[in-house]
Amino acid sequence: MTTIVNYGLGNVRAIANIYHRLGIPARLATTADELAGAERVILPGVGAFDWAMTRLNESGMRGTLNDLVLRDRRPVLGICVGMQMMARGSDEGKLEGLGWINGQVKRFDESTFTSDTRLPHMGWNDVVPKHADGLFNGLESPARFYFLHSYYFAPDMCDDVLASTEYGGPFASSVRRGNVWGVQFHPEKSHAWGIRLLQNFASL
Amino acid sequence: MLRPRIIPCLLIRGGGLVKTVGFGPGKYVGDPLNAVRIFNEKEVDELTVLDIDATVEKREPNYALIRDIASECRMPLCYGGGVTKVEEFQRIVSLGVEKVAISASAVSNPGLVSKAAETVGAQSVVVVMDVKKDAGGYTLRTHNGTRTTDLEPAGFSSRMQELGAGEIVVNSIDRDGEMKGYDLELVARVRAATSLPLTILGGAGSIDDIASLVRSYGIIGAAAGSLFVFKGVYRAVLINYPGPVQKDGIIAASHGRNRE
């Protein structure tokens, strides 16, 4: 069973709908009790960093989430700001992140941009995975996903980069450390590519 | 590399979908959820849904309908219509919408753009400019084109960027439903004034119109209403969208183009 953290941000229903159509068991968790014991967790997100952290803190689920990820080593997938929250912190905000993967969320450097590289990074772009198995199993390389963001996850360790994308230079469009996975793009809004990725996560 | 976005734009009036000409009354073209399902199958890049009566009728967004559309959408969704408060931005995002668009309230209350960006994030705050051309040049209008302003689109878009908007939609009232091509002069003015992503709406009558926009401006949003809901000279309702091969042809136009 895959549990989707429903803290008021991100498209939880679209993710749940995709799993239901695939016949893969999935449910939403709105309270710590509902989240407890989850086998596999998705942390979605749309919004500014501090707003997202505040909503997660207020949901009462942060402690349980930390236990599941750090103590029980359950697979977790962060999506968009859900991935960014896994860093120590973000240039976009002042609050501390979850700190599950060593790294900082940074703003794209506009001084390197041309008239074609505008911020936010918005639309469909190529994602080149370092490994063709796991999360990206069965996806062509490059795979194509939908992005909507001005900040990106910069991991301290190169080894934590799982996939990269070009936008005024390469950035980590996916990260992984142990049981913690993150994607900057929106698999729930990326048609067949996204459906495949979510299916892959459910079988990790 | 990042690709240009080709975006169907659906207009909601009285719970159904309509398509207008020159911001007029509009022709009924079907049920919104049914259209979303067809656009899912066609793997569209993004979808824009505008409730064109909400502001005029001074009512809040129809949250039940937005939730139904958002949970059906397997592509990114932009919703606009009747949004006047930060809490409404937050509520719509919590229903699973990636981007929330405002037009009249960006004119009457520009500070709303900054306040919304602080919580839902700049990337989810879209400003739609309904633009009318007359002897004096281009100006913005609101309330389905019925209220005039003295705001000029280039200056307004740059102000919206300073306030923290994440995208500008340039909607030509004169070209709405005409299907004779985008107003490229208007695009050029706005594009020079802002470094935000742009989406152009109003006038696309063929895939060639989209291709010529992409040829000129590369990575840009090309939105259309009539083109994706009508077929043929009699404007019979038929939801359509370019297939992957046709789309790759359009996108090829964005590579190796003449850069300004």
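Let's start with a pair of residues: Ile102(B) has Val127(B) of strand S7(B) as its bridge partner. This is a predicted model. Ile102(B) belongs to strand S6 (residues 99-102) of chain B, which runs parallel to strand S7 (residues 125-134) of chain B and is joined to S7(B) by 3 bridges.

S6(B) also runs parallel to S5(B), again with 3 bridges between them. Here Ala101(B) of S6(B) sits opposite Gly80(B). Along S6(B), the side chains take two directions: Lys99(B) and Ala101(B) point one way, Val100(B) and Ile102(B) the other, and all are buried. Together with H3(B), the strands S5(B) and S6(B) form a right-handed β-α-β unit.

## A helix with a buried face

Next, have a look at helix H2 of chain B, residues 63-72, where the buried residues are Ile66(B), Ile69(B), Ala70(B) and Glu72(B). Viewed down the axis of H2(B), these buried residues fall within an arc of 165°, so they line one face of the helix.

The cover over them includes elements of both chains: H1 (12-22) from chain A, and from chain B helix H1 (32-41), strands S4 (47-51) and S5 (77-80), and helix H3 (86-94).

## Where the chains meet

The contact between the chains involves 29 residues of chain A and 31 residues of chain B. On the chain A side, H1, strand S7 (121-129) and strand S8 (143-149) each give at least two residues, and S7(A) provides the largest share, 5 residues. Sorted by class, this side of chain A has 12 nonpolar, 11 polar and 6 charged residues.

Key
Residues numbered from 1 in each chain as written. Chains lettered and ligands numbered in written order. Predicted model: local features only at pLDDT ≥ 70, side-chain atom pairs only at ≥ 80, totals over all residues. Buried ≥ 20, exposed ≤ 12 C-beta atoms within 10 Å, placed from the backbone. Helix = DSSP H or I, 4+ residues; strand = E, 2+ residues; numbered from the N terminus. Arc of directions from axis to C-beta. Contact = placed C-beta atoms within 7 Å. Nonpolar A, V, L, I, M, F, W, Y, C, P; charged D, E, K, R; others polar. Pairing = 2+ DSSP bridges. Right-handed = clockwise from strand over helix to strand, strands pointing away.
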